[in-house]
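I opened the file to look at one chain and the partners it touches. My notes follow in the order I made them.

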Amino acid sequence: MTAQVTTPYRPPREEARDGFAQLLRAEWTKFRTVRGWVIGMVVAALVTVGLGLLIAGGGSSTCQNSPTGPVLSGAACLPPVPVGPGGQAVTDQFYFVRQPLAGNGSITVRVPALTGLYANGATAVGSPMTRGLQPWSKAGVIIQASTRPGSAYGAMMVTGRRGVRMQDDYTHDTAGLPGAVSAASPRWLRLTRSGDTLTGYDSADGTHWTRVGTVRLAGLPSTVQAGLFATSPAHSTVISKSFGGGSTSGGPSLDTAVFDHVSLSGTSPGAAWTGDAVGGQATGGAASSGAGSGAGSGAAEGFHQADGRFTVTGSGDIAPLVFDPAGSGFPTSTIERGLQGAFAGLIAVVVVAVMFITAEYRRGMIRTTLAASPRRGRVLAAKAIVAGAVTFAAGLAAALVTVPLAQRLDRAKGSYMLPVTSLTEIRVIVGTAAVLAVAAVLAVAIGTVLRRSAGAVTAVIVVIVLPYILGIASVLPVGAENWLLRVTPAAAFAVQQSLPAYPQVNAGYTPTAGYFPLAPWAGFAVLCAWAALALALATVLLRRRDA
Amino acid sequence: MEATIEISGLRKKFGPHLALDGMTFTVHPGQVTGFVGPNGAGKSTTMRVVLGLDAADDGTALIGGQPYASLRHPLSHVGALLDAAALQPSRSARNHLLWLAHSQGLTARRVDAVIEQAGLQSVVRRKAGGFSLGMRQRLGIAAAMLGDPPVLMMDEPFNGMDPEGIVWMRGFLRSLAGQGRAVLVSSHLMSELQDTAGHLVVVGRGKVIADTSVQALLSAASRDRITVRTSARSEAMTVLAHAGATVAATGHDTLTISGLPAERVVSLLGESAVPFSEVTGHHASLEEAYMELTRDEVEFRAEPAGEVAP
Amino acid sequence: MSQAPPAQRASLLGERPADPDGPQNALQAGWTSLREALHAEWTKLRTLPGTIWLLAGIIAATVAVSSAATAAMSCPSRGCSVDPAKLSLTGIDLSQAVVAILAVAAISSEYSTGMIRSTLTAMPRRTTMLAAKAAVVTGLVLAAGTIAVLGSLLAGRLFLSSHGFTPAHGYPSLSLGDGPVLRAAAGSVLYLALIALLSLGIATIIRDSGAAIGTVLGLLYLSPIIAAVVRSPHWHNDIERYAPMSAGLAIQATTGLRGLPISPWAGLGVLAAWASAAVLGGGLLLRLRDA
């Protein structure tokens with residue numbers, strides 16, 4: 001026998017250093033080579049688009065311009081909607097008693113009385129209107145660039161229940177003196193113009209003035225319209241709630257303000273006051289003389305001037321147009337409506353992401369995986385990143401296709417698409433993809449914790465979708481709904497909310513109407529926190545447990 | 001009822017792949033029938049069709065003259081060990097047997113009997129998922145014996161068994177056949193069946209290549225072959241080839257010769273003064289006989305391992 | 001050449017009757033095999049460690065969510081427009097997901113482990129096997145659902161009466177003696193049973209547990225989300241009328257029955273139609289496909 005010397009075998013390749021990139025690559029290869037998972041992701045994108053278009057295209061709205069006119073449908077129903085200086089759709093409808101103001105000047109009034117009337121849809125047609133103010137019935141002094149609806153303005157006003165306010169350009173609102181107006185406690189209001197700057201003051205006695213706010217209206221023309229206004233938004237009450245929606249009843253309202261001690265500086269002396277119903281259905285035109293329909297009869301817009309006292313009656317609102325499915329007179333839509341199909345996509349994504357990890361346990365492949373890369377935390381991280389990235393890509397593609405198509409369909413079917421800035425649109429689209437991606441990460445984490453597909457898929461869907469359903473279903477009190485959408489992963493859908501809730505507009509800002517209790521990115525952060533927590537738990541368990 | 005498995009003309013396609021191509025044979029009682037062939041020859045598919053798990057595109061498979069699906073208590077007609085992993089890992093071994101028993105109208109008493117028969121008493125309360133492959137095979141055998149069936153069908157029962165287990169299994173299979181049952185045992189290793197099977201069904205590419213008794217197969221394979229041991233290998237080859245024999249070198253000092261009777265070989269070598277130490281009739285092993293038969297039927301053939309130069 | 005089959009083998013099997021041959025015995029034989037299949041499926045389900053936890057989960061989820069919902073609601077004066085029975089049964093929204101896990105796992109875990117081959121070898125009559133499995137799962141869900149619903153109503157009764165839902169405000173305390181409340185309670189139990197059948201059918205069709213449970217939950221949970229955003233009231237009503245969850249849960253309504261898109265029993269009927277379609281589809285595919 002000859003002694004044989006065998007040199008130890010050396011692998012031909014040097015061991016690579018940076019393991020994580022390899023790990024990512026390995027997980028990506030795992031993902032893309034299972035046909036079912038790739039199909040699942042494609043299905044997620046397709047159902048998101050398909051369901052979104054179904055929602056946007058389903059059912060056309062019909063309308064009649066006059067009670068005897070032909071019934072119109074679809075895009076023919078779209079009313080002209082003024083757009084404010086900020087680019088948002090606005091309501092600009094009020095009774096305006098005005099004079100042109102060239103250059104700088106100021107207007108001061110005393111408001112000793114503000115009263116209102118409203119109709120309630122629940123009461124019989126033709127019955128007299130009920131006495132009472134709306135919280136945001138408004139009357140006061142206003143300086144507006146022109147009488148074109150949607151033009152820039154600044155105003156000082158008394159309100160039905162919100163005290164003195166200074167508002168400008170539809171979306172801004174600053175509080176002044178609190179309390180209601182009465183003969184015993186009148187309010188003094190002053191608005192001065194200097195260049196393109198307006199400053200508002202209020203006072204309880206006409207001698208001690210407090211500055212409420214200063215606003216700059218860029219590009220204010222030298223000649224503006226200054227004067228008195230009154231307007232009152234529609235009354236609405238929630239009468240019943242049912243699963244999937246509530247129903248409200250309401251009706252138009254009017255308010256009537258009395259102005260005295262009116263002084264206007266900077267105008268040509270002795271110029272006459274004219275009255276217009278701005279943005280309205282020309283009902284107030286005949287009353288401009290102030291003769292026929294006084295405020296006392298209480299049924300129409302107009303103004304009455306006697307002995308330096310002005311009585312102005314108006315209806316409408318000067319405010320941003322908000323999405324209020326029950327409140328507004330014509331169908332409106334938001335860009336996120338078409339993205340509700342993302343819930344279907346979410347379910348598909350969760351199924352695929354859960355399987356991405358549970359499939360490893362089912363056939364014992366996890367042992368191969370962990371033998372190939374013993375640092376378990378990094379395996380999980382790589383899996384989460386791959387699942388999240390693939391989902392983000394699929395979600396982004398779906399949202400990018402859905403939003404413009406759904407907008408078109410919505411318009412064609414006669415819904416007015418409330419305009420938003422491109423930045424908001426990008427946030428809604430990217431945010432939707434991001435929500436899906438983080439949900440996929442959460443699914444990978446829960447899948448690692450539970451190791452069973454059925455349990456993990458259910459857990460993830462239930463923690464994301466069920467709170468959302470309970471949040472919008474109107475079965476729970478609003479407080480509980482808001483709480484659910486603040487602390488559960490469902491909060492993330494706030495990232496889809498394209499329109500802010502304006503406190504100066506009284507509308508149903510409920511989750512049902514698409515208004516979330518948290519700001520968009522704050523809501524998204526809640527989901528991220530859940531995913532991070534679940535990942536941490538999954539990492540600990542993966543390290544501790546035998547594979 | 002006759003204790004037989006009759007398979008005739010089975011065809012089955014999985015997509016473009018033809019798994020069974022007219023498989024036909026019969027398993028008779030009282031002996032162990034080896035069901036052999038390379039991987040992918042259609043052994044498991046045939047057994048799945050017999051049990052009604054897969055539907056054949058054509059042909060019939062009958063247990064004692066009846067299709068499996070029509071049997072009232074199928075486990076008392078045929079016991080099958082197809083896939084030792086066909087159980088839920090979180091259930092204990094005993095409970096796995098218990099539900100099977102209940103499905104056949106049998107009681108827990110019968111379960112305990114087969115547990116003893118398979119030698120599983122000590123582990124029967126443990127979760128089946130934690131079993132080694134050999135243990136799972138025993139559990140599968142216990143399940144197959146539940147209904148005390150006259151026909152048994154086992155797919156690769158030696159898989160994962162330790163040597164002791166293999167010896168036990170061989171004895172067990174022989175005793176089952178000895179009780180008059182028909183036993184069909186598949187294997188891709190002929191050596192496992194060497195001392196067990198009395199009859200062989202050799203299959204390749206979905207059909208039967210040989211359906212014969214072990215005795216007949218062996219004698220056919222060793223037919224008039226002679227082994228010569230000689231120190232002068234090349235001279236012997238020249239002489240014998242010249243005389244019209246087919247000569248193959250099978251070792252550094254051995255030759256296998258066919259085409260000449262042994263006496264003629266001895267005299268030829270003697271005439272030419274070629275030294276030789278031994279001339280014997282050749283005894284083929286079952287393995288060799290099988291390799292001979294399936295040479296052209298292997299679907300997946302590994303490249304021969306690289307030879308190390310001397 | 002074969003040895004005679006030993007006679008003593010028969011005694012091992014005990015006193016089981018011989019297989020019936022005559023056609024008059026076919027019905028009886030069918031019953032026997034169904035009974036044996038039921039026994040086997042029951043043994044299977046009860047010896048899986050997950051079953052008891054899922055049943056406990058059904059009860060816990062129902063009672064916990066229902067209690068939270070009733071604890072959050074209050075009625076300070078008359079006319080609160082709240083359906084107290086429906087509110088007390090809010091937990092069904094969650095526990096149906098647990099029911100779905102139980103029912104899906106009952107079939108898909110057999111596929112994922114390969115156990116289905118043992119099952120179909122032992123019970124080659126596949127529809128009988130599926131029927132037995134459906135019966136056992138449904139039976140367990142009915143039992144757990146009854147406890148869950150009774151617990152929820154009890155919690156609702158306690159919380160609601162202390163939160164202003166008093167006879168003075170127009171709300172008598174919840175009682176099963178009240179016809180509509182009894183209907184809502186019994187109907188909710190049946191609802192869970194039908195969800196179990198729907199899930200079992202879908203899982204038999206899809207076989208993979210993750211995909212099956214995703215399909216079931218999508219079918220259930222997507223409809224209220226879509227109904228909330230569709231424009232036309234006609235579509236909204238159609239979704240509420242024909243989607244399995246919203247139609248089925250109409251059985252819980254005890255107030256404002258006139259305003260419902262579908263009447264309570266008809267709604268449960270719609271869900272029953274979904275469930276039978278799923279089970280029939282599953283049974284058909286089970287017969288046609290290779291295991």
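I read chain C from the N terminus, and its elements run α-α-α-α-α-α-α-α-α-α-α-α. That comes to 12 helices and zero strands; helices (H or I, at least four residues) and strands (E, at least two) are DSSP runs, numbered from the N terminus.

I noted that this is a predicted model, in which local features need pLDDT of at least 70 and side-chain atom pairs count only at pLDDT 80 or more, while totals for chains, interfaces and linings use all residues. Residues are numbered from 1 along each chain as its sequence is written, and chains are lettered from A and ligands numbered from 1 in the order in which they are written.

I looked up the extent of chain C: its C-alpha atoms fill a box of roughly 95 × 40 × 35 Å along the principal axes. Of its 291 residues, 55% count as buried (20 or more other C-beta atoms within 10 Å of the residue's own, with C-beta atoms placed from the backbone).

Next I checked chain A. I found 38 residues of chain C in contact with 44 residues of chain A (C-beta atoms, placed from the backbone, within 7 Å). Which helix of chain C gives the largest share of that side? It is H9(C), with 15 residues. By class, I list 23 nonpolar, 12 polar and three charged residues on the side of chain C that touches chain A (Ala, Val, Leu, Ile, Met, Phe, Trp, Tyr, Cys and Pro are nonpolar, Asp, Glu, Lys and Arg charged, the others, Gly among them, polar).

Last, I turned to chain B: its contact with chain C takes 40 residues from chain B and 37 residues from chain C. Helix H2 (residues 93-103) of chain B gives the most to the chain B side, with six residues.

Terms used:
Buried ≥ 20, exposed ≤ 12 C-beta atoms within 10 Å, placed from the backbone. Contact = placed C-beta atoms within 7 Å.
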